[in-house]
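Subject: Structure for your review

Dear colleague,

Please find the structure below, together with its sequence. My notes on what was found in it follow.

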Amino acid sequence: MIDYRELVCKCKKVTYEEIDNVVKNEQNISDVVKVFEDVQKQTQCSTGCGGCHDKIMDFIADTLYQR
């Protein structure tokens, strides 16, 4: 179970909850890369060291799959 208050991007201080809020508002949910790019634009996550990239992509894919 994911703690939505947990920082997933420590460089930019972005939580799973912030990412989830962006994903919930996405219209085109068939393109995970496009959703990731939108999440990056809105939260600045994974624009520092990039160490969180895979965690964020997995989270987005799982969230979209559940929709």
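A disulfide is taken here as a pair of cysteine sulfur atoms within 2.5 Å. The model is a predicted one, in which local features need pLDDT of at least 70 and side-chain atom pairs count only at pLDDT 80 or more, while totals for chains, interfaces and linings use all residues. Residues are numbered from 1 along each chain as its sequence is written, and side-chain values use heavy atoms, with hydrogens and water left out.

Cysteines

By the disulfide rule, the count comes to zero. The closest cysteine sulfur to that of Cys9 is in Cys52, at 3.8 Å, which is too far for a bond. Cys9 is buried, at 2% relative accessibility, and Cys52 is buried too, with a relative accessible area of 7%. Buried means under 20% relative accessible area, exposed means over 50%, and partly exposed lies in between (1.4 Å probe, protein chains only).

Helix α1

Helices (H or I, at least four residues) and strands (E, at least two) are DSSP runs, numbered from the N terminus. Helix α1 spans residues 16–24, and its buried residues are Tyr16, Ile19, Asp20, Val22 and Val23. Viewed down the axis of α1, these residues fall within an arc of 160°, so they line one face of the helix. The arc is that of the directions from the helix axis to the C-beta atoms. Among the elements that cover the buried residues of α1 are β1 (7–9), β2 (14–15), α2 and α3 (53–66). Contact, here and below, means heavy atoms within 4.5 Å.

Helix α2

Helix α2 has 12 residues and reaches 16 Å from its first C-alpha to its last, close to the 16 Å expected at 1.5 Å a residue. The expected span is 1.5 Å times one less than the number of residues in the helix. Val35, Phe36, Asp38, Val39 and Thr43 are buried in α2. They cover an arc of only 160° around the axis, which puts them on the same side of α2. These buried residues pack against β2, α1 and α3.

After α2 comes Gln44, whose phi is positive, near 70°.

Asp38, in the helix at residues 32–43, has a relative accessible area of 11%. Leaving out residues up to four places away in sequence, Asp38 touches Val22 and Glu26.

Nonpolar core

Which residues of the largest nonpolar core touch the most other members? Of its 17 residues, they are Ile19, Val23, Val35, Val39, Cys45, Ile56 and Ile60. At least two residues of this core come from each of β1, α1, α2 and α3, and α3 supplies the largest share, five residues. A nonpolar core is a set of buried Ala, Val, Leu, Ile, Met, Phe, Trp, Tyr and Cys residues joined through side-chain atoms within 4.5 Å.

Most residues other than glycine have a negative phi. Lys13, in the loop between β1 and β2, has a positive phi near 60°. Ser46, in the loop between α2 and α3, likewise has a positive phi near 60°. Not counting residues up to four places away in sequence, Ser46 touches Cys9, Phe36, Gln40, Cys52, His53 and Ile56.

Tyr65 belongs to helix α3 and is exposed, with a relative accessible area of 74%. Tyr65 and Ile29 are 36 residues apart in sequence, and their C-alpha atoms are 9.0 Å apart in space.

Yours sincerely
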